[in-house]
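Dear colleague,

Please find below the structure that I am handing over to you. My findings follow it, chain by chain.

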Amino acid sequence: MKKVYSNKLTIFLFILPALLLFLLILVAPIFMSFYYSFFNWNGFGKKEFIGISNYIELFTSGSIGFPKALGNALLLAVLSVGIQLPIALGFALLLGKGRKGERGFLSIYFIPVLISTVIIGQLWLKIYNPSYGILNVALRALGLDKLTRIWLGDIKTALGAAFVPILWQYVGYHMLLMYAGIKSVPTEYREAAMIDGAREGQINRYIVLPYIKPILKISTIFAVTGSLKSFDLIYVLTNGGPLHATEVPSTLMISMLFLRNRYGMGSTIAFLLIILCFAFALIIGRIFKDKEG
Amino acid sequence: MKKVIALLLTVVMIVSSLVACGKDSGNNNGGNAGNTSGNTSGGSNSGSSETNSGGSNTSSDEKINLTMWCIATESDSNRHAYEAAIADLKAAHPEINFTWEATQNQEYKTKIKAAVAANEMPDIFFTWSCAFLGDFVDAGRVYCVDEVYKKYASELPEVMMGNVKYDGKYYGAPLTMNIVAMFTNLDLLKEVGYDQAPTTYEELIKCCDALVAKGIIPFGCSGKETWCVTEYLESIIEKTAGASVLNDIFAGKATWKNDDVAKGVEIFQEMIKKGYFDPEGMALSNDEVKANFIAGKYAFYMNGTWNCADFYNAGIADKIQVAEFPVIDSSKSKMGELIGGPSDTLAVAASSKNAEKAAEITFELARSICKYGYLDGNGLPAWTPNYDTSSINPLTQTVADIVAKSSQMVLFGDTAMSADKANIYLDYVSQIYASAIDGKQFVDGLAKDIQ
Amino acid sequence: MSKDIINAVNNDIRKDSIPARKFKVKEVWVYFIFIFWALINLFPVYWMFTFSLKSNTEIFGENVAGLPREWLWSNYERALKVGNIGRYFFNSVVVAVSTIAIVMFISLMATFALTRFFWKGRKRMNQFFMLGLTIPIHASIVPIYVTLSRLGLLNTYFALIIPYSAFSLAMAILVCTGFMQELPMELDEAACIDGCGAWGIFFRIIVPLMKPAVATVSIYTFLQCWNELMFANIFISDSVHKTLPVGVQALSGQYMTEWGPVGAALVLATFPTLIFYAFFSKKIQASFIAGAIKG
């Protein structure tokens, strides 16, 4: 047995396909992006080495507007943690207590997660349509004509309007994770607390929340990194417009690559995004650890 | 940890060299395959086509394969022109095995760039002239057509070749050309007492004020697609600062810092402020705006003259007048200074196995696509027409008259500039439309970011 | 931790675990909120379905939110014929099924090496694979694009299958590891005594016992591929190989002013998932939970 299971060649052969795919598609590109980020390159002409100029230009050039795009992504992250997760947690707690029909409700709340973001985006485009969209139509029907807006075309409202579907779509996802965690709290804990006379709020605070802390950590990491790399919905809804009001790093990256032919700059943004995602994942992990300790 | 990083680095280096090898061997394979097929058929033909271009039909079993990529998808208004031209070509050249593929505009841009990067271009490809083609020429991927052009020079005036000329050499064959024109809905104008489009700027302003007072929106313009804003802005700047000034700025020969340009921008913004533009336009696509114009929501619509056929087919040609935007500063500009020019172009890949034959076919195709396109009303001919043009829709004929009287044309800014610069420019234009910056900030910003 | 949670979800929930209480006003409010939120989540789907069957005149004024007065099935015909949705659907299926097959096979092999074999560095290797859970796809877009274009693989199914497989791999290995560790080593030993080699054990003993893992991984991978936009948008530009998200996006651009056929396309792209979900909601939810919780 031992002999069979320690043959180096067999191990190598079993692990090779996965390793190769992993290195070629996931790992190597990170280094290649890093490498390209030092060049001025249009994708097919000659590469010109320009040192860290791309990085400098990225943060200083007004015509690229990277700080603003990054700011938008961070704002989205803050809103996700501040609005999306509390809503999800609230529902998860309400559902997790054991009410009639809780599974049914949970299943409904999860539907938006399953629908492709492109479709969610197309739907919301129609909801926001200034002339025929259901939102403005409803406002007009209620006599609130003053509140109608060109939601996605107005610099003042575009960012908010684009964020709403993003935040909405994944409430169900976080809710599901939290609900699963809450359901795994052993019933004896709850019962014991109830016998001691604890109220629902107290049970949630002192028993449920500490128990599902690992899940809260995962949800937070997903919400934050997901916000940093958000692309699909913004791309469909506004593609960064109007006037870059809704620009996020990913949409900026795509326009650098395929509109402005700046592969070097696109790679710079890509590389920074990875670094940011890793950094935030580490920081959030640290924060939760500190709280535990 | 260090060990891990070192290991990763080696792996990456191996991987990247593998990738490079893969690429090389891929190319070799491609080259070999090309050579073998070239030896049997292509080689002999490309030699013979020079001596007897008509005689190549002697060996019909040794067909020359030519592939073309273009943007004439089934929903494109140029589709019919391409189909007709290709049918003619196939009839005239049985020795050629011609295949073609159409991709939607936006996707095509990505696709052709990828093909250029991989050096896997089709023999003949559609391209936009000036900067778009220029990048490919710089990379050495486009076949120079100087020799072939000589044969067609009598039908294709040199002035039309200006946008495909790089370092004194020609790299493509233009198809149709278009200009920006002001389309006017005469029904709406009648409501405020005009029976034709205003011919002076003062009159235009009066007319717009009257329209606004009557609750009619004068202009429709898509803010979602910035090129639509440039159709307005460039015309206004040109009629304020003059065509030569704008041309020099686009070509990078003069600075953006120009008071007249700033003034033109402010005139445009003044018009927006006065409510001449549909505020919903900011969030609409051009298709939606155009549909609104056809439905009679706007009095004016400024856009490319390729729209003539669509308006004609929509059955509104009789109530539409097409005209030039009036002169704003008559000391700097005059009627006959237009925005537009030949942009749609066919070019030949340098990597084509039968580049010379392909170049000849390209010119023939360009000539007939131009002809059918013109007859369909999709634009004006870059090639001198030698056929009956009386059946062409009246709108396009009016445009032809306008162009015939023109003294100078400035090519669309986003075509004239390289991709990076063009997008910076478009950025500033969209800020103008949203009145986020004024004329001074526009010229200062562009002077700083582009030059 | 993760096992507890998954078990808890998979187990039937004991509805009466908490003693029934008296009817309370508070409960009414709770259900009011539940129903309100459910409506918010269901309304877009309902609206999409109804406007996919309406004409512009109904959508644009006469009948914005009601059921269609005239059921225009021709919108579907147009979405399928002119919009090519059938083709995109087929492409999405091809890409998803191939990706699932590749991911399943490769990840099972790797997991086998990672859980059954004795070798130095297998823990580290496992951690290395787990890094893949955090790598955003953006990072690889330029290099993969450049490499694919040099290899002439843009606009082929491979342009999507290969990267999708790579990005689903970490999750698949994670899930498979959980299931494979539960299989007792005695099975392997018995097979070994019967004369099976490593490959024999793998194909005859392990793989057949991994069905639950296959289901979980397949669902997760399927939804990833089915909905992915960024790669599909960039690596595929010809309409022959477009997947549903890109196709739907292109169609909406083309029919900006006609909502009916666009709605029909949206419905056609969405309903297979929803119908599937109606039957396997628990399984699907469990796969998402497994995908998120590393333990």
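Chain B contains 17 helices and 14 strands; helices (H or I, at least four residues) and strands (E, at least two) are DSSP runs, numbered from the N terminus. This is a predicted model, in which local features need pLDDT of at least 70, side-chain atom pairs count only at pLDDT 80 or more, and totals for chains, interfaces and linings use all residues. Residues are numbered from 1 along each chain as its sequence is written, while chains are lettered from A and ligands numbered from 1 in the order in which they are written.

Chain B

Among the contacts in chain B with a separation of 6 or more, 79% join residues 24 or more positions apart; a contact means that the C-beta atoms of two residues, placed from the backbone, lie within 7 Å.

Strand E3 (residues 124–128) of chain B has four of its five residues buried. Strand E1 (residues 64–70) of chain B pairs with E3(B) in the parallel sense over two bridges, where pairing requires that DSSP find at least two bridges between the strands. Phe125(B) in E3(B) is the bridge partner of Trp69(B). E3(B) also pairs with strand E12 (residues 344–348) of chain B, in the antiparallel sense and over five bridges. Here Ile124(B) stands opposite Val348(B), and Thr127(B) has Thr345(B) as its bridge partner.

In a regular strand the side chains alternate between the two faces of the sheet. E12(B) is covered on both faces: Asp344(B), Leu346(B) and Val348(B) are buried on one side, and Thr345(B) and Ala347(B) on the other. Strand E6 (residues 173–174) of chain B pairs with E12(B) in the antiparallel sense over two bridges, and Pro174(B) stands opposite Thr345(B).

Chain A

The mean pLDDT of chain A is 88, and 99% of its residues reach 70 or more; pLDDT is the predictor's confidence in each residue, from 0 to 100.

Helix H4 (residues 102–114) of chain A has 13 residues and reaches 19 Å from its first C-alpha to its last, close to the expected 18 Å (1.5 Å times one less than its number of residues). The buried residues of H4(A) include Phe105(A), Tyr109(A) and Phe110(A).

Chain C and its interfaces

Chain C is divided into domain 1 (2–51) and domain 2 (75–294), with 30 Å between their centres, taken over C-alpha atoms.

Towards chain A, 79 residues of chain C are in contact with 76 residues of chain A. Helix H14 (residues 259–292) of chain C gives the largest share of this side, 13 residues. The side of chain C that touches chain A divides into 58 nonpolar, 16 polar and five charged residues, where Ala, Val, Leu, Ile, Met, Phe, Trp, Tyr, Cys and Pro count as nonpolar, Asp, Glu, Lys and Arg as charged, and the others, Gly among them, as polar.

Towards chain B, 14 residues of chain C are in contact with 18 residues of chain B. Helix H7 (141–150) and helix H13 (244–254) of chain C are the elements that give two or more residues to this side, with the largest share, four residues, coming from H7(C).

Yours sincerely

Key: A residue is buried if 20 or more other C-beta atoms lie within 10 Å of its own, exposed if 12 or fewer, and partly exposed in between; C-beta atoms are placed from the backbone. Domain bounds come from an automatic or database domain assignment.
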